[in-house]
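Here are some notes for a colleague who is opening this structure for the first time. Please read them with the structure in view.

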Amino acid sequence: MSKHQRDFTAAEKMGPAPAFSADLKKKRRVAPSTILSLDGDILAMIFTFLDMFDLVHCSVVCKFWNAIIESRSLREFYQRKVKKDCSSEIPEKPLLNAILGGIAMEHHKLALQSGVCLVDQWKGHSTMVSQCRMKMGMVVTGVGDKVIRLWSLDRYKCIEEYPVPDMFALVDFDYDESKIVGLIGSRLCIWRRNGKRSIFPAPEGTFVKGSCMRYFDPEAVIGCNDGTVRVFDMYSRRCSQIIRMHSAPITCLCLSEDQLIVSGSTSGSIAISDPSSVQQVATLRSSDCRGIRTLCFNPSSHQVFAGSAVGYTYCWDLRTRRLLWGTRVSPNVIYTLGNLQSDTSTLAVGGIDGILRFLNQNDGNIVSSCIMDYRLVSTSQSSSVSIQRRKGRRLPENTHINIDLIPMVVRPSITCLAVGMKKIVTTDNTNDIRLWKFK
């Protein structure tokens, strides 16, 4: 992995960069060049006042800051927070990073399960937006108004827009630092971040209507209504494989790190296929014959999670193909679920009832449930959008609650969610985007 890629990975885990530098310049009226050229010892002293998350943010500002933080500041943080005895031996860098990463995941878990929550909401599209993806401190939203938008979460600013061709409907999409790949109608489209766009041809008999899409360079995988999966090479723009995975329409997909394809269907079954052998590897069966609506894969635990049309959430171990647990967490449809890639403790779940639930990944028990408060805390203007801030409210635990008594205005249906470090972005089939921030 290159240094550039490591910086992106660190930024993705920790979220958008803090306003530390901007605040310091505002208060002291120091020129940007002065801040970046401070002596290393002075910077090290300043960094001692920051927590680990801010340290990681600052480490991607420039190579000079990164060297100071990696060589001194993270070790000093370890001594202060982990080992109070300064004479104790500091572990080598790989072990130190693992220890600090564990602390970060513990902070993330506690924030989601019991921390104070604020919800920022803004109108991101002219009509409904039903899909969101989050990486590298940025969010991509779309499906509805013929445009995909890339947002910066620290400023709530639309950085880039990618128009969808008029003759097609956007069905699904995903992205990385160089491109956005979308399923439009019965074709694939790639929007390059440099402005170029390419639409794949659809030879007759090769590509039927698709319902979901994921990609793992250099291949994009399409789940189709005829129960097959189409694998496309994104560079030759040709369909390389057609794999029969279900007898019913495919509703959702996820890909493992070793490129196994996991698909859910309206029949309630989940199929696993290995494209390298063009064979169906296994079938994971749920107790829900009304269909699987969403899937996600956790590479840290090798577990696959599924949400069903009647409110069940399931977990399988992808290595043994064994069902670990199945729990009904909602009386209605589960539309979306997700977790931070390195987090093996908490699973976020959303659906038609609009309640954001957090489950223990090990046993499926609900550890917390959140809705918005209807009262506004504040309204502000950022770039070209108006931000409405509300408090998040946790529902009482171990108490039966009649969901119908909770107004829909504070629990709009969650159609999609994306999980970041101590934050979650949700969409709800309106033109609003919501950022849940947990402290």
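This is a predicted model: local features need pLDDT of at least 70, side-chain atom pairs count only at pLDDT 80 or more; totals for chains, interfaces and linings use all residues.

1. Is cysteine 224 buried or exposed? Its relative accessibility is 0%. Buried means under 20% relative accessible area, so cysteine 224 counts as buried.

2. Histidine 246 comes 22 residues away from cysteine 224 in sequence. In space, the C-alpha atoms of cysteine 224 and histidine 246 are 9.8 Å apart.

3. Strand S11 covers residues 219–224 and pairs with S10 in the antiparallel sense. Six bridges join S10 and S11. In one of the pairings, cysteine 212 has glycine 223 of S11 as its bridge partner.

4. Which strands make up the sheet, and in what order? The order is S10-S11-S12-S13, an open sheet of four strands with antiparallel pairing. At its edges are strand S10 (210–216) and strand S13 (238–244), each of which pairs on one side only. On average, neighbouring strands of this sheet are turned by 20 degrees against each other, direction ignored. As background, strands of a sheet pair through backbone hydrogen bonds, either parallel or antiparallel.

5. For the chain overall, the count is seven helices and 29 strands. The chain has 439 residues, and 51% of them count as buried.

6. Among the chain's contacts with a separation of 6 or more, 49% are between residues 24 or more positions apart. The accessible surface of the chain comes to about 20200 Å². Carbon and sulfur atoms account for 51% of that surface.

Conventions
Residues are numbered from 1 along each chain as its sequence is written. Side-chain values use heavy atoms; hydrogens and water are left out. Two strands pair if DSSP finds at least two bridges between them. Helices (H or I, at least four residues) and strands (E, at least two) are DSSP runs, numbered from the N terminus. Axes are lines fitted to C-alpha atoms, for helices over the stretch in contact, and angles run from 0 to 180 degrees between N-to-C directions. Buried means under 20% relative accessible area, exposed over 50%, partly exposed in between (1.4 Å probe, protein chains only). Contact means heavy atoms within 4.5 Å. Accessible areas come from the Shrake-Rupley method with a 1.4 Å probe; for residues, only the protein chains shown count as cover.
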